[in-house]
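Morning, everyone. Please look at the screen while I walk you through one protein chain.

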Amino acid sequence: MKFNYDVIVIGGGHAGCEAAAASANMGAKTCLVTMDMNKIGQMSCNPAVGGIAKGQIVREIDALGGQMGLVTDKTAIQFRMLNIGKGPAVWSPRAQCDRGKFIWEWRTVLDNTPNLKIWQDQADKLLVENGEAIGVHTIWGVELYAKSIIVTAGTFLNGLMHIGRKMVEGGRCAEPAVHNFTESITRWGITSARMKTGTPVRIDKRSVHFEDMDVQDGDSDFHQFSYMGPHRVLQQLPCWTTYTNKEVHDTLKEGLADSPLFNGQIQSTGPRYCPSIETKLVTFPDKEQHPLFLEPEGEDTNEMYLNGFSSSMPMDVQLNAIRKIRAFRDVEIYRPGYAIEYDYFDPTQLKHSLESKIIKGLFFAGQVNGTTGYEEAGGQGTIAGINAAIYCNNGEPFIMKRDESYIGVLIDDLVTKGVDEPYRMFTSRAEYRILLRQDDADARLTEKAYHLGIAKRDRYDWWIQKKQAVDELIQFCEQMPIKAKDINSQLEALGTTPLRAGCKLIDLIARPHLNLQNLAEIIPALKEKLHMPENRKEEIAEAAEIKMKYKGYIEREKIVAEKMHRLENIKIKGRFNYAELHEISTEGRQKLAKIDPETLAQASRIPGVSPSDINVLLVLLGR
């Protein structure tokens with residue numbers, strides 16, 4: 001059998017779901033190929049979305065018209081805004097989700113997306129003709145043809161799971177690995193390698209002594225992931241915290257000889273920033289304890305996730321070690337933790353659109369690009385879906401700069417620097433953090449998404465209403481006069497210096513101890529202004545306050561970003577034969593030839609390319 005589409009997406013994980021929804025919403029006839037329709041959007045590891053920098057990515061996906069934020073809000077069982085005690089540049093939303101409801105919410109979204117078909121099957125061969133991807137062949141003998149193909153296969157390509165010395169082929173626990181598909185891609189010159197990730201033991205909450213742990217409740221305020229959609233609707237549940245101890249460590253150390261991470265069984269590289277418990281013991285031998293977080297898997301299940309105890313040790317070692325923790329002394333488990341090795345493809349062989357430099361019309365997104373995390377996958381999937389749809393109509397690719405989004409930082413890091421370990425996003429990876437806040441992703445991206453066609457009219461109208469409300473509130477604060485005699489006693493009560501002379505309200509908001517809420521209690525006109533009839537009035541007030549309080553920092557960072565744009569506008573792709581540029585260092589020539597950067601700014605970010613190498617290119621361009 002043969003079927004024809006505009007876009008084919010291989011894999012129904014977080015990258016695949018966003019890619020399929022994005023291309024279909026842009027009008028491309030799309031087919032999502034998945035091995036199991038009942039596990040679309042499966043949370044293979046922790047059933048949580050967001051976290052440091054990851055939460056910003058989800059807000060950006062939402063602002064672009066993606067679905068992860070909406071699905072998360074509808075299935076969240078605990079929400080927290082992380083880093084709220086620090087500046088807004090690093091505030092990061094995070095939500096614990098109901099794993100089962102998350103899957104079915106995604107399924108509902110995709111089932112009701114126009115132009116999108118789901119096909120349950122397994123791709124085993126990429127079809128290429130004249131250097132261009134034209135379709136895929138499946139294990140059931142079906143041939144699917146399209147103008148563009150997106151590979152979002154996650155950890156399934158030649159996946160191999162490890163528990164102690166036991167090895168089982170699979171892309172996820174109880175799910176088969178995908179064979180032959182990697183080889184059908186690498187035969188065309190695309191290079192692949194191996195990476196490793198892991199997941200913790202799953203615990204039966206009926207066997208836990210919760211009285212021996214500390215409770216960690218979520219937030220109950222207005223924050224959420226989507227700029228639209230309903231506020232949290234499910235029952236909100238607590239998480240719990242505890243620690244490992246010396247007995248736990250001793251038990252684990254006794255089993256290190258059978259650990260696949262240390263007996264030579266696993267050769268690939270795992271995630272540095274989410275290490276297994278056995279790796280923590282070896283890396284930090286002086287630490288007497290490590291924090292653990294016991295998190296619910298859903299509203300109606302007894303299954304719980306032990307965050308911080310990722311492991312591939314033998315299952316008896318895992319269980320014996322956990323039972324050395326007081327709260328888990330009688331613990332029963334559903335299954336042990338395990339490690340998994342899988343294929344990924346060198347992301348430096350991609351354009352910023354996530355299209356292959358080698359095979360036209362072939363796009364990659366998610367863990368197959370060497371990343372880790374649902375959010376990183378979803379961000380890439382959104383961009384790949386947009387660009388695959390654009391490719392069908394021979395349009396200009398949609399590329400985001402590093403000062404426009406964390407997704408832009410992520411993709412630029414991948415295609416410019418490559419990876420030697422699973423890539424995870426952090427706020428520290430972005431040089432323009434004050435411009436890439438979680439509160440203003442809609443301001444940065446919604447209008448772009450609307451003009452692309454992925455964000456629909458209702459989202460655009462809501463953004464325009466919010467923008468107008470924010471601007472009106474800022475204008476009110478800029479114009480409202482404050483007299484010292486009328487407010488000084490209240491200012492002293494709030495712990496801030498009294499005024500020597502009158503000022504505008506915006507000048508008070510700039511003070512560290514003051515904000516719109518506490519000023520509203522002493523300035524009746526402001527209190528009346530904050531009683532807005534619009535939905536999400538708290539979000540509007542927060543957005544306005546951040547823009548006022550951090551105006552100077554925001555403007556200064558914009559100036560720095562504009563300077564970098566000058567280098568971004570200098571196109572150099574195809575203008576040099578780097579091997580002949582002996583004025584440049586040997587390493588610089590090799591790295592430039594490998595990456596073949598689009599712009600001078602991208603060239604400056606390539607590891608091994610020095611500032612002097614960039615100056616040489618500038619001189620040659622001047623000639």
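Let's start inside helix α3. Its buried residues are Met68, Gly69, Val71, Thr72, Asp73 and Thr75. Buried here means under 20% relative accessible area. Keep in mind that this is a predicted model.

Now step back to the whole chain. How many helices and strands does the protein chain have? There are 21 helices and 23 strands. Along the principal axes, the C-alpha atoms fill a box of roughly 80 × 75 × 50 Å. Next, the radius of gyration. A compact globule of 623 residues would come out near 25 Å, and the protein chain has 26 Å, which agrees.

What about burial? Of the 623 residues, 59% count as buried. Then contacts. Take those in the protein chain with a separation of 6 or more: 72% of them join residues 24 or more positions apart.

The accessible surface of the protein chain comes to about 25900 Å². Carbon and sulfur atoms hold 50% of that. Charges next. The chain has 76 positive and 82 negative charges, and their mean positions are 3 Å apart.

Which residues have the most contacts inside the largest nonpolar core? They are Leu126 and Phe181, in a core of 105 residues. Helix α9, residues 374-392, gives this core its largest share, 9 residues.

Let's zoom in on Leu126. Leave out residues up to four places away in sequence. Leu126 then touches Ala133, Gly135, Val136, Ile149, Phe181, Ser184, Ile185, Ile359 and Leu362. Phe181 is on that list, and Phe181 was also named with Leu126 for the most contacts inside the core.

One last stop: Asp507. Where does Asp507 lie? It sits in helix α14, residues 505-509. Is Asp507 buried or partly exposed? Its relative accessibility is 44%, so Asp507 counts as partly exposed. Now find Pro481. Asp507 and Pro481 are 26 residues apart along the chain, and their C-alpha atoms are separated by 9.9 Å.

That's the tour. Over to you for questions.

Definitions and conventions. Residues are numbered from 1 along each chain as its sequence is written. This is a predicted model: local features need pLDDT of at least 70, side-chain atom pairs count only at pLDDT 80 or more; totals for chains, interfaces and linings use all residues. Side-chain values use heavy atoms; hydrogens and water are left out. Helices (H or I, at least four residues) and strands (E, at least two) are DSSP runs, numbered from the N terminus. The radius of gyration is taken over C-alpha atoms; the globule rule is 2.2 Å times the number of residues to the power 0.38. Buried means under 20% relative accessible area, exposed over 50%, partly exposed in between (1.4 Å probe, protein chains only). Contact means heavy atoms within 4.5 Å. Accessible areas come from the Shrake-Rupley method with a 1.4 Å probe; for residues, only the protein chains shown count as cover. Lys and Arg count as positive and Asp and Glu as negative; His and the chain ends are not counted. The place of a charge is taken as NZ of Lys, CZ of Arg, CG of Asp or CD of Glu. A nonpolar core is a set of buried Ala, Val, Leu, Ile, Met, Phe, Trp, Tyr and Cys residues joined through side-chain atoms within 4.5 Å.
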